[in-house]
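Please walk through this protein and its ligand. Start with the fold, then turn to the ligand and a few backbone details.

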Amino acid sequence: MIMSTPRKLGLAVAQMGPVHLADTRETVVARLVEMMREAKGRGAEFVVFPELALTTFFPRYWISDEEANEKYFEKQMPGPATQPLFDEAKKLGVGFYLGYAELTPEGRRFNTAIMVDQTGAIIGKYRKIHLPGHSDHKPEAPFQHLEKKFFEVGDLGFRVFDTLNTKIGMALCNDRRWPETYRVMALQSAEVVVLGYNTPSWNIHWNEPMHLRTSTHLISLQANAYQNAIWVAAAAKCGSEDGHHMIGSSVIVAPTGEIVARAISEEDEVIVASADLTWCENFRNHVFNFAKHRRPEHYGLIVERTGAGDPIA
Ligand code: CDT
């Protein structure tokens with residue numbers, strides 16, 4: 001078998017334990033800085049932080065738009081509280097991905113992630129496209145999942161950015177369950193897809209057995225890593241935030257679909273892998289040689305239909 005010379009990216013996932021309502025951004029950023037230092041010490045060049053990493057997962061609360069804007073949205077990135085993370089990235093020479101709630105100068109709100117390079121410069125932005133949950137108040141539910149109230153659907157598409165000699169794409173939480181997310185980026189030659197998530201351990205929409213919350217999370221990442229010949233690095237915010245539990249199981253998945261690193265706690269925890277990017281080529285040159293084997297002329301319904309309809313004639 002012919003194998004290419006290894007081309008490696010030191011890839012870290014910095015899982016976060018809970019962020020409580022009373023926690024300040026300054027204390028949260030201090031935790032992120034600490035994990036960034038640990039990741040660097042363990043060979044990481046790029047660190048993946050969670051979705052909405054700077055605050056509690058506020059879409060679980062029925063609160064006014066004004067209160068949400070005031071308490072949970074970032075009007076500036078970096079801002080005074082987040083600048084230390086950018087400074088540390090530059091000092092250590094590591095890049096990172098960070099999820100946060102974005103309020104634009106025009107008053108638009110997105111569930112956003114940024115990619116920052118090893119000089120501390122923002123080189124890419126992603127705004128979450130697959131927003132789960134609801135926009136109405138559900139007083140009978142034990143908690144809310146109000147992403148459809150607090151955020152607009154992202155308007156930047158799924159893009160891939162070149163940094164650290166690696167093509168890296170971004171997604172956020174529920175995006176990881178949709179195969180289109182990864183395929184659109186794999187068709188831009190992505191080698192790594194990074195994402196953060198907050199997955200409540202209880203599904204308020206139906207009586208989903210709790211173990212499925214973790215198994216469907218892992219299946220989605222593993223299947224899509226393999227089928228797209230990419231590395232996937234997924235960072236949870238997890239544990240019990242003021243009594244609301246969220247799953248952990250942050251992972252780094254290889255293009256083989258195998259988990260090469262997995263968090264074992266529901267606290268702040270760094271996992272690291274030396275991601276050999278030539279594994280992407282191995283699969284893309286053979287079983288997933290897209291140019292040779294894909295048949296887009298038969299995939300039309302994927303972009304023509306949103307919901308399932310009748311069989312085609
Ligand atoms: N944050 C996020 O997207 N969470 C969803 C929960 C879906 S249940 C309403 C997830 O897919 O993990």
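This is a predicted model: local features need pLDDT of at least 70, side-chain atom pairs count only at pLDDT 80 or more; totals for chains, interfaces and linings use all residues.

Residues are numbered from 1 along each chain as its sequence is written, and side-chain values use heavy atoms, with hydrogens and water left out.

An unreviewed UniProt entry lists residues 9-277 as "domain: CN hydrolase". Such annotations may be inferred rather than shown by experiment; positions follow the numbering used here, and feature names are shortened. Over residues 9-277 the chain is 24% helix and 29% strand. Helices (H or I, at least four residues) and strands (E, at least two) are DSSP runs, numbered from the N terminus. The end C-alpha atoms of this stretch are 7 Å apart.

Now take the open sheet. Its 6 strands run in the order β6-β7-β8-β9-β12-β13, with mixed pairing. Two strands pair if DSSP finds at least two bridges between them. β6 (160-163) and β13 (259-262) are the edge strands, each pairing on one side only. Neighbouring strands are turned by 20° against each other on average, direction ignored. Axes here are lines fitted to C-alpha atoms, for helices over the stretch in contact, and angles run from 0 to 180 degrees between N-to-C directions.

Look at β9 (residues 231-236) and β12 (residues 251-253). They run antiparallel, joined by 3 bridges. Ala233 stands opposite Ile252 in β12. Helix α6 (residues 211-228) packs on the sheet and touches β8, β9, β12 and β13. Contact means heavy atoms within 4.5 Å. The direction of α6 makes about 30° with that of β12. Helix α5 (residues 179-186) lies across β6, β7, β8 and β9, and runs at about 160° to β7.

Next, the ligand. Polar contacts are pairs of N or O atoms within 3.5 Å. A polar side-chain atom of Asn174 lies 2.8 Å from a ligand oxygen. A side-chain N or O atom of Glu51 is 3.0 Å from a ligand nitrogen. Asn198 places a backbone N or O atom 3.1 Å from a nitrogen of the ligand. Taken alone the ligand exposes 360 Å², and the protein buries 95% of that (Shrake-Rupley method, 1.4 Å probe).

Two loops remain. Cys173 is found between β7 and α5. Its phi is near 45°, a positive value in a residue other than glycine. Pro78 lies between α2 (65-72) and α3 (83-92). A cis peptide bond joins Met77 to Pro78, with omega about -5°.

Note on methods:
A polar contact is a pair of N or O atoms within 3.5 Å; within protein, one must be able to donate a hydrogen and the other to accept it, and residues adjacent in sequence count only if both atoms are side-chain atoms.
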